[in-house]
Amino acid sequence: MMMTPKNNPSTEIKWLMPLVDMVLALAAFMLAYYVRYNLQLIRPVFEQNTAPFDPYIPYMGVFAVWLYIVYNGSGLYRTVRGRAWVEEVYVILNGATNATLIVMALSFVLQPFVFSRLMLLYVAIITVILLSITRIIQRLLRASLRARGIGIERVLIIGMNEVGQAVLRTMLARKDLGLYPVGYVDDDPSRGESDLGRVLGLGKIDNLGKIIREQHVQMVIITLGWHEHDRMYQIVRECQIAGADVRVVPDIFQLNLKQVQIENLDGIPLLGAGEEPRLNVRERLLKRLIDIGLVLLASPFLVLLFVIISIAIRIEGRGPIFYSAVRVGENGKLFKMVKFRSMIPDAEKYRKTLVETNELDPRHPKIPNDPRITRVGNIIRKTSLDELPNLINVLRGQMSLVGPRPPTPDEVELYDEWHKQRLKTMPGMTGLWQISGRSDIPFDEMCLLDIYYIENWTLGLDIQILLLTLPRVILRQGAY
């Protein structure tokens with residue numbers, strides 16, 4: 001289920017991180033002193049333990065204060081949604097380098113009797129390490145609080161066009177942003193009243209003020225087209241009266257914002273349309289090499305699993321060990337996907353009846369307590385071991401380790417046009433859908449997550465999904 005956030009004020013304490021950084025900077029000086037004069041790692045000190053620490057105290061104060069000035073001016077202490085840890089480390093490194101140069105210049109001017117410039121290098125390195133680790137801890141604490149519904153902002157989206165969907169899928173895929181979509185409003189009758197997965201369609205924009213109050217909305221994101229420009233002021237004013245912050249996403253040619261190219265013509269911003277986001281040749285080759293490499297690396301363990309599962313299926317009763325069925329791959333190309341058989345041999349003829357009886361979404365039917373599943377099948381499905389033969393499709397180049405799950409042709413026939421965007425990349429064994437809840441995720445929400453993955457693919461995202469898949473499988477979240 002989607003988490004219900006508590007309507008709490010921000011959990012960020014603005015003065016806390018600057019204070020922590022200054023304390024750690026002072027600690028870095030003391031650690032550097034110990035490394036230089038006690039451990040003597042690089043260059044020995046001939047008069048061991050004779051250099052007092054007291055002469056370093058004024059420089060220690062200058063270093064800590066200068067760090068604060070640089071970090072505050074660089075925006076390190078501002079809350080920026082979605083800022084990567086690497087970006088923060090870059091600012092930390094830049095500040096530590098800057099402060100070290102200032103202290104070193106000061107030492108040249110004052111010429112103190114006791115001073116080690118090698119120790120200053122240690123100070124800079126230790127400062128970067130300590131402050132970088134602190135940012136990791138900060139992110140873990142923030143994620144823990146948000147998992148409990150603390151520090152999350154309730155968001156209402158105005159307009160569920162292409163841009164609105166892009167905003168929604170980003171919020172669904174990036175839980176770390178701390179934005180919870182309570183629903184959306186849209187004057188289009190085909191959109192305004194229908195839910196998108198677990199995100200509620202709350203009706204028309206005319207009811208905006210009432211919806212903001214009833215849903216305790218803290219932020220409103222407007223994604224209307226340019227033709228609605230005259231209406232913007234009224235909407236913004238109504239949101240402010242109702243007590244909600246307002247953000248506006250420009251509707252630029254109905255494009256994903258990552259497709260927009262920004263140029264500067266002597267101070268005049270020019271916005272251009274880039275290419276549709278998809279993997280280039282280099283990225284596809286890298287992804288393919290990683291798929292093959294990981295499969296080959298794990299092959300000794302995989303062969304053992306294949307043998308054990310095959311024997312268990314054969315012992316349980318008649319029927320084939322493997323099950324293959326036609327699936328829709330990249331750009332609508334059909335292929336046969338291989339799995340371990342987890343159901344009775346004639347299971348397919350009962351499928352339509354079970355879907356209708358359980359009132360399931362025929363575009364993505366997942367039947368809980370499916371009576372067709374065998375005893376061995378129940379075990380391998382709960383642990384996702386039934387999907388191991390998908391690795392054969394990976395080696396054939398029909399699937400990847402990470403990507404949207406491949407649908408059946410009859411499911412694709414029921415797709416709306418926007419759903420088909422999930423077919424623009426090679427399907428995978430695991431993906432954002434699987435690590436977000438698997439079968440518990442409604443179809444529309446699954447499509448939004450898949451499209452987000454396609455538009456925002458990076459090698460780091462693939463690694464993150466692979467690492468998060470294992471605990472989801474062990475905990476059996478949404479598996480049936």
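**Contacts, burial and a cavity in a predicted model**

In this predicted model, 72% of the contacts in the chain between residues at least 6 apart in sequence join residues at least 24 apart.

Me: What share of the 480 residues of the chain counts as buried?
Reply: The chain contains 17 helices and 11 strands, and its accessible surface comes to about 25,900 Å², with 62% of that belonging to carbon and sulfur atoms. Of the 480 residues, the share that counts as buried is 47%.

Me: Is valine 402 buried or exposed?
Reply: Valine 402 lies in strand 10, which covers residues 400-402. Its relative accessible area is 1%, and because buried means under 20%, valine 402 is classed as buried.

Me: What distance separates the C-alpha atoms of valine 402 and glycine 431?
Reply: Leaving aside residues up to four places away in sequence, valine 402 touches Lys287, Met426, Gly428, Met429, Thr430, Gly431, Tyr453, Asp462, Ile465 and Leu466. Glycine 431, one of these contacts, is 29 residues from valine 402 along the chain, yet the separation of their C-alpha atoms is 5.3 Å.

Me: How many residues in the lining of the largest cavity are charged?
Reply: The structure holds one cavity of 30 Å³ or more, and the largest cavity has a volume of about 40 Å³. Its lining is made up of Val328, Gly329, Glu330, Pro404, Arg405, Pro406, Pro407, Arg422, Leu423, Thr425 and Pro427. Six of the lining residues are nonpolar and two are polar, while the number that are charged is three.

Definitions and conventions. Residues numbered from 1 in each chain as written. Predicted model: local features only at pLDDT ≥ 70, side-chain atom pairs only at ≥ 80, totals over all residues. Heavy atoms only, no water. 1 Å grid on protein atoms, 1.4 Å probe; cavity = no way out; pocket = protein on both sides within 12 Å on 5 of 7 lines; lining within 4 Å. Points joined across faces, edges and corners; volume = space filled by probe spheres on them. Nonpolar A, V, L, I, M, F, W, Y, C, P; charged D, E, K, R; others polar. Helix = DSSP H or I, 4+ residues; strand = E, 2+ residues; numbered from the N terminus. Buried < 20%, exposed > 50% of the residue type's maximum accessible area, 1.4 Å probe, protein only. Contact = heavy atoms within 4.5 Å. Areas by Shrake-Rupley, 256 points an atom, 1.4 Å probe, with all protein chains shown as cover.
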